[in-house]
Amino acid sequence: AEAPSERAQVRRREREEAAEPSPAGGGDDDMRGNAVMLANGAMEAYNEPVPNNIPLEKRLPLVQEKLDRFLSNFGDKIQILDLKSGGAVIRDRKQFTMRYGCVFRESGAKLKGTVYKRFYFDAAGGKPTYSLDFEMHERLVTATPGTP
């Protein structure tokens with residue numbers, strides 16, 4: 001049961017080291033938090049396996065660690081909006097945390113997200129960058145059938 005935690009700690013350390021500016025300086029700060037780096041970090045955390053065939057008292061801390069790593073890629077004002085209506089599918093961080101806590105708890109070790117196509121919109125001068133990902137999700141269990 002400790003292997004996933006050790007593996008996750010190594011990944012976290014690697015991400016933290018990658019996020020530190022290089023001694024040379026020159027432009028690494030722009031790459032540290034761009035949309036692609038954040039999307040990749042979120043998908044890495046999303047794809048970390050958490051077995052659902054172990055007792056809850058061992059599984060729930062693993063789910064919480066995975067959720068914390070996933071959430072670290074999103075701001076406090078996270079929302080998921082429907083592009084057609086403009087309405088909020090997920091209104092705030094609390095709802096977002098509840099949704100993905102359920103997904104990670106119920107979906108098990110075979111939950112997998114894959115990015116098949118990505119459009120990246122770059123910006124200079126510290127302005128926001130954007131990543132539009134076309135994803136496929138396998139073995140996804142949600143609270144309400146048919147919802148993302």
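**Close-up views of a predicted model**

**View 1. The largest pocket has a volume of about 1,300 Å³.** This is a predicted model, in which local features need pLDDT of at least 70, side-chain atom pairs count only at pLDDT 80 or more, and totals for chains, interfaces and linings use all residues. Residues are numbered from 1 along each chain as its sequence is written, and side-chain values use heavy atoms, with hydrogens and water left out. A pocket here is an open set of points on a 1 Å grid over the protein atoms alone, where a 1.4 Å probe fits and protein lies on both sides within 12 Å along at least five of seven lines; lining residues have an atom within 4 Å of a point. The volume is the space filled by probe spheres set on the points, which are joined across faces, edges and corners.

**View 2. Here is the lining of the largest pocket, made of 34 residues.** Closest to the pocket centre are Phe-74, Ile-80, Ser-131, Asp-133 and Glu-135. Two or more lining residues come from each of α3, β1 (80-81), β2 (88-90), α5 and β4 (130-138); helices (H or I, at least four residues) and strands (E, at least two) are DSSP runs, numbered from the N terminus.

View 3. Asp-133 is buried, at a relative accessible area of 19%, because buried means under 20%, with exposed over 50% and partly exposed in between (1.4 Å probe, protein chains only). The Asp-133 side chain makes a polar contact of 2.7 Å with that of Arg-118 and another of 2.8 Å with that of Ser-131. For a polar contact, N or O atoms lie within 3.5 Å; within protein, one must be able to donate a hydrogen and the other to accept it, and residues adjacent in sequence count only if both atoms are side-chain atoms.

**View 4. Now look at the largest nonpolar core, with its 17 residues.** Such a core is a set of buried Ala, Val, Leu, Ile, Met, Phe, Trp, Tyr and Cys residues joined through side-chain atoms within 4.5 Å. Tyr-46, Phe-70, Phe-96, Tyr-100, Val-103 and Phe-104 touch the most other members. Helices α3 (35-46), α4 (56-71) and α5 (93-107) each give two or more residues, and α4 gives the most, with 5.

**View 5. Finally, find Phe-104 and its neighbours.** Not counting residues up to four places away in sequence, Phe-104 touches Tyr-46, Val-63, Lys-66, Leu-67, Phe-70 and Leu-111, where contact means heavy atoms within 4.5 Å.
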